[in-house]
Amino acid sequence: MRILIEEYQYNAADVKDILHGIDALENVEGKVSIHYVGYYYNVLLKDCVFILPKVLLKGDDGKELVFGKYRPEEVANLDENNPLNSIERDFLYKFAVWIYRAIVVYKNDKRNDTEIVYYSQIAQVGNGRRRLSNTYLDILLSLIQFNKDNQNFFFTIVKNMHSGLNKINWMRTIGTTNAIIQDGQPIYLNPINKKRQINFDEELLIIFFSILNYIGDAYGFPKQISCQYQLITGQRFETYLNGFGKTRLRQIKYKYFSDKALQLWQLCFAFFDEARQVYITTEKREYLLVKSFYVVFEAIIDELVGDNPLPDGMEKKQEDGKIVDHLFTAQSLIDSEAKQTYYIGDSKYYKMGHELGSESVYKQYTYARNVIQCNLDIFNDGEQTSSGVKLRDDVTEGYNIIPNFFISAKLNENLDYSDDGIKETDRENKRHKKFQFKNRLFDRDTLLLFHYDVNFLFVLSLYARDNAAQKAEWKEKVRNKFRKEIQEWLQKDYDFYAMRARPGVNGEEFIKHNFKEVVGKIYTPFKDEKTYSLALDNKDPEGNNEAIKTMLSEFFYVEPCRLGQNPEDVLPATAAVTAVSPTDNDLALCVTKEGVHFDNAVAKMKQTGKLGIALNMNGATLQLVEGFTAAKYLIIHNKSNKYAAFFVDGKGPRLISANEMTDMVTTKKGASIYLVYNAELNVIPALGELDFSPITKSGDSYSPHLLPIKILIKEKDIEAHKK
């Protein structure tokens, strides 16, 4: 068996014979490299050659070593001066099988570019000349081919084994058992059938089909087992792999006489022995090669991670000619529910330890810009996305975060196929951020890029097995991992808050009037579009984080809320909001509070639902009581037009003395009597933006005022109420 490594610079003279039949070109320095991965039979050397992926190489250019230990020239001929230990040697034989299987799966998928695959019939088992060496792959392919070509042979054996099983052997029955005579006729109660002895042909078939079952499960080869035997599986088959298989086959070897049975025995023994001396007929060149293996690696990652076809009618080839490797929709980074966003990935098929170039990083940012524009175009054309993704929020003009990432192949140091090894890369540059404005995470020009490594052996074997359930399980796992770890990174750099407008505050109007201060910092990712997410760079690059929070806190509830956390867990419960259509006769009782007194009064009102108007015991004041009973709304406000509005419960106010006072909002302390109103707390009126200047510009703004609500509502909101 000969081993070459993709794209390694060999001295042309050292590999001239091995490259016989391959179009590798020599450069002016006498070096040659192969840009294929796969398998071919070298008719000159009468040996098979495997060209393995460059991911096996580790080190700098000119000092690249296989497994980080051997010069590629040292492993070119494993039958002479083999430097590999038994684990490494066993790995290479089986690694070649996985490469073969991956290329076959790639070739059979009609969505792929099969023009890069070069294929000719693999050699078949026969009685022809002996190859110099055979591979584990040869053995597996020979077993599969034998099964395809000898179905009649199997059925003949089964038919012969079962013929006559129910026929009575009268000679032995009469000679060995007693009969009962009835009406002159002997009756034998225990007739002797043809006894079934151990059938070694059947045992060989059981072993053979058990091998086919094993390689189908292990490597994804198609199973075509037509005979219904109880196969050897699980731990029992492991004992066969660990030596018992060879032992048992040796015990039954001399029970076979036909050529087919002997040929089958040789194949089964070669499998357990992993021998390299099987007779193969080679009448013509055979090969299975793929040029530009990075295309196959992209297909592997896309099958295991991406969406196919791409979401929302997008194409891999973008309008500027750039080709995006992977694109899928998955749960947004911010929302705790099922709201989706796009995830954009790029496969990087490098030698171990290779750093990303600046060109790759720049192209990945371009992919994201193109995807954003494509999403905008759909909505600009008056259409909707089938995925439900809408990146731009029309209220805040913020953009959802698009996770953008690289996935690089990395070889597991223990040569383990079972560990996916998916984790943030250990390369020097593993996180990238590009922006136009500081402290604007929810901005179209703020682009994030992450870099992950994955165990090449794991994804290769998962793809090669072509098991839909296994692929789906890992896809879900890795998508959740991307989301969780990107969230963790963002939360190290940003402080996230959930926001909701305080009662009486029109959140959308506030954002419009303060757009410059909040653009790119807030976004509406949640199902409740009145709930906002606020993100502030914890390095405070503009030196105004506290000022922004203070400004927002006056009009919004602003509470820390981690990415993915339900905002309802941190925001105070709010009553249902009801749109109202005020009439000319609807009166509002308004009380002015400023600063901290405003916040305290609103909080207490929501808790107790009671508002006490301080009254003096004189005739003039008592005459006002009758008019005050007609109030429909209770409003607490300040001079900045910030307010909280409530419905009066409809039962009317009542007079109570100072001795009867309970905890409530009051207009003045120390009064002898109060007129107490009860508010409806289960629902709040939606009055829009109010203008309290008729009160605040009066000479007595801090006294309670009773006036028609329409005086306070701005003209545009009056029109909205009419509609």
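Contact here means that heavy atoms lie within 4.5 Å, and helices (H or I, at least four residues) and strands (E, at least two) are DSSP runs numbered from the N terminus. The views below show a predicted model, in which local features need pLDDT of at least 70 and side-chain atom pairs count only at pLDDT 80 or more, whereas totals for chains, interfaces and linings use all residues. Residues are numbered from 1 along each chain as its sequence is written, and side-chain values use heavy atoms, with hydrogens and water left out.

**View 1. Contact of helices α2 and α3.** Tyr93, Lys94, Ala96, Val97 and Tyr100 of α2 meet Tyr136, Leu137, Leu140 and Leu141 of α3. The contact of α2 with α3 comprises 8 nonpolar, no polar and 1 charged residues, where Ala, Val, Leu, Ile, Met, Phe, Trp, Tyr, Cys and Pro count as nonpolar, Asp, Glu, Lys and Arg as charged, and the others, Gly among them, as polar. The axes of α2 (residues 86-108) and α3 (residues 136-149) come within 8 Å and cross at roughly 55°; axes are lines fitted to C-alpha atoms, for helices over the stretch in contact, and angles run from 0 to 180 degrees between N-to-C directions. That angle makes α2 oblique to α3, given that angles under 35 degrees count as roughly parallel, over 145 as roughly antiparallel, 65 to 115 as roughly perpendicular and the rest as oblique.

**View 2. Packing of helices α7 and α8.** Helix α7 (residues 234-252) packs against helix α8 (residues 259-273) at an angle of about 140°, and their axes are 9 Å apart. On the α7 side, the residues in contact are Phe237, Tyr240, Leu241, Gly245, Lys246, Leu249, Arg250 and Ile252, and these meet Trp265, Cys268, Phe269, Phe271, Phe272 and Asp273 in α8. By class, the residues of this contact of α7 with α8 divide into 10 nonpolar, 1 polar and 3 charged.

**View 3. Salt bridge between Asp302 and Lys316.** The closest N and O atoms of Asp302 and Lys316 are 3.3 Å apart, a salt bridge being a side-chain nitrogen of Lys or Arg within 4 Å of a carboxyl oxygen of Asp or Glu. Because Asp302 lies in helix α9 (residues 293-305) and Lys316 in the loop between α9 and β14 (326-331), the pair ties together parts that are 14 residues apart in sequence. Asp302 counts as buried at 7% relative accessibility, while Lys316, at 28%, counts as partly exposed; buried means under 20% relative accessible area, exposed over 50%, and partly exposed in between (1.4 Å probe, protein chains only).

**View 4. Salt bridge between Lys521 and Glu542.** In this pair the closest N and O atoms are 3.5 Å apart. Lys521 lies in the loop between α14 (515-518) and β21 (522-523) and Glu542 in the loop between β22 (531-537) and α15 (545-555), so the pair ties together parts that are 21 residues apart in sequence. Lys521 is buried, with a relative accessible area of 3%, whereas Glu542 is partly exposed, with 40%.

**View 5. Salt bridge between Asp586 and Lys632.** The side chains of Asp586 and Lys632 meet at 3.6 Å, N to O. This pair links distant parts of the chain, with Asp586 in the loop between β24 (576-579) and β25 (587-592) and Lys632 in strand β27 (residues 631-637), 46 residues apart. Asp586 is buried, with a relative accessible area of 11%, and Lys632 counts as partly exposed at 37% relative accessibility.
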